[in-house]
Amino acid sequence: MMKPEEIRITVIVDNTPLSDFSSEHGFSLWIEAGGSTLLFDTGRSTAFSANLHKLEIELSRADMLVLSHGHYDHTGGVAQVLREVPAMKVCMHPGALTQRWSIREGVAKPTDMPNEGKEAIRALNPSQILNATGPMEILPGIRVTGPVPRVIEFEDPGGPFFLDTKGAVPDPIEDDLSLWIETTEGLVIIAGCCHSGLVNTINHIRAVSGEERIASVVGGLHLSSANEERLEKTALALAKFPIGRIHTSHCTGNKATELFSHRLECPVSATAAGLRFTP
């Protein structure tokens, strides 16, 4: 079991940047944990490539690419990654290749992975793909949730997501997954968008791992469009968990970050593209 100081996270893409870095509505992390290195999501578009170069990250060093789910703002760089590193292993739920839309004011907008990314994944040797249909260890001490049971009544996928352009078939985003690392100080939980709900995700990981302590929570928590009631209930639920630190990103929203920083006893801070930190 590794120590938290053996983990280093570099934010490649986030909605906000440090000086001289690019930003976009997207998310990508470079995670070094013990002797393993992985790429977690690939951003939306140009910020991914630009920040990789600025951070001097070599994709060939990654043991694996993990996709938190199949939305465009997390998978925009998939084709680039697989073009540069054709032998890269990819961990994802099969549903990440699903065609899907968001519908606002009657207008359907595609939200799925870009076609070139889907084609690149489909062209891989099947042995390169880890289908995360359940909890599984993907690297020593690093595990993914697979689909997270949705049991908390106030948590939903977080937006008007559908599997058709008419809005008749809701998209539960069942491919949403998170990652966790077991450390001597508890769990380091890393989420992409957490469409399954943060409380659902934490409960699931604690149940599967048998570890109740949470060293840190990192990533997008998809609370930017949550109403006051959901934010309040989320804060109350989080207050009951032994959490050491929270690093919010991407789709969490300023309101949620500020509420957590005032209501929770643990330190809460927002990340930014270009930031390197120990969770």
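Predicted model: local features only at pLDDT ≥ 70, side-chain atom pairs only at ≥ 80, totals over all residues.
Figure 1. Classified by residue type, the lining of the second largest pocket comprises one nonpolar, 10 polar and one charged residues.

**Figure 2. Helix H7, its buried side and its exposed face.** The buried residues of the helix are Ala256, Thr257, Leu259 and Phe260. These residues lie on the same side of H7 because they cover an arc of only 165 degrees around the axis. Asn254, Lys255 and His262 are exposed and sit on the face of H7 turned away from its buried side. The packing partners of the buried residues of H7 are helix H6 (228–238), S15 and strand S16 (268–270).

**Figure 3. The largest pocket and its lining.** The volume of the largest pocket is about 240 Å³. It is lined by 17 residues, of which His25, Tyr72, Arg104, Phe161 and His222 are the closest to the pocket centre. Helix H2 (72–75) and strand S6 (101–104) are the elements that give two or more residues to this lining. The lining of the largest pocket divides into four nonpolar, 10 polar and three charged residues.

**Figure 4. The open sheet of seven strands.** The strands of this sheet follow the order S8-S5-S4-S3-S2-S1-S17, and their pairing is mixed. Strand S8 (129–131) and strand S17 (276–277) are the edge strands, each of which pairs on one side only. In general, the strands of a sheet pair through backbone hydrogen bonds, in either a parallel or an antiparallel manner.

**Figure 5. Pairing of strands S2 and S3 within the sheet.** Strand S2 (residues 28–33) and strand S3 (residues 36–40) run antiparallel and are joined by five bridges. Isoleucine 31 has leucine 38, in S3, as its bridge partner. In the strand order of the sheet, S2 stands between S3 and S1, while S3 stands between S4 and S2.

Note on methods
Residues numbered from 1 in each chain as written. Heavy atoms only, no water. 1 Å grid on protein atoms, 1.4 Å probe; cavity = no way out; pocket = protein on both sides within 12 Å on 5 of 7 lines; lining within 4 Å. Points joined across faces, edges and corners; volume = space filled by probe spheres on them. Helix = DSSP H or I, 4+ residues; strand = E, 2+ residues; numbered from the N terminus. Nonpolar A, V, L, I, M, F, W, Y, C, P; charged D, E, K, R; others polar. Buried < 20%, exposed > 50% of the residue type's maximum accessible area, 1.4 Å probe, protein only. Arc of directions from axis to C-beta. Contact = heavy atoms within 4.5 Å. Pairing = 2+ DSSP bridges.
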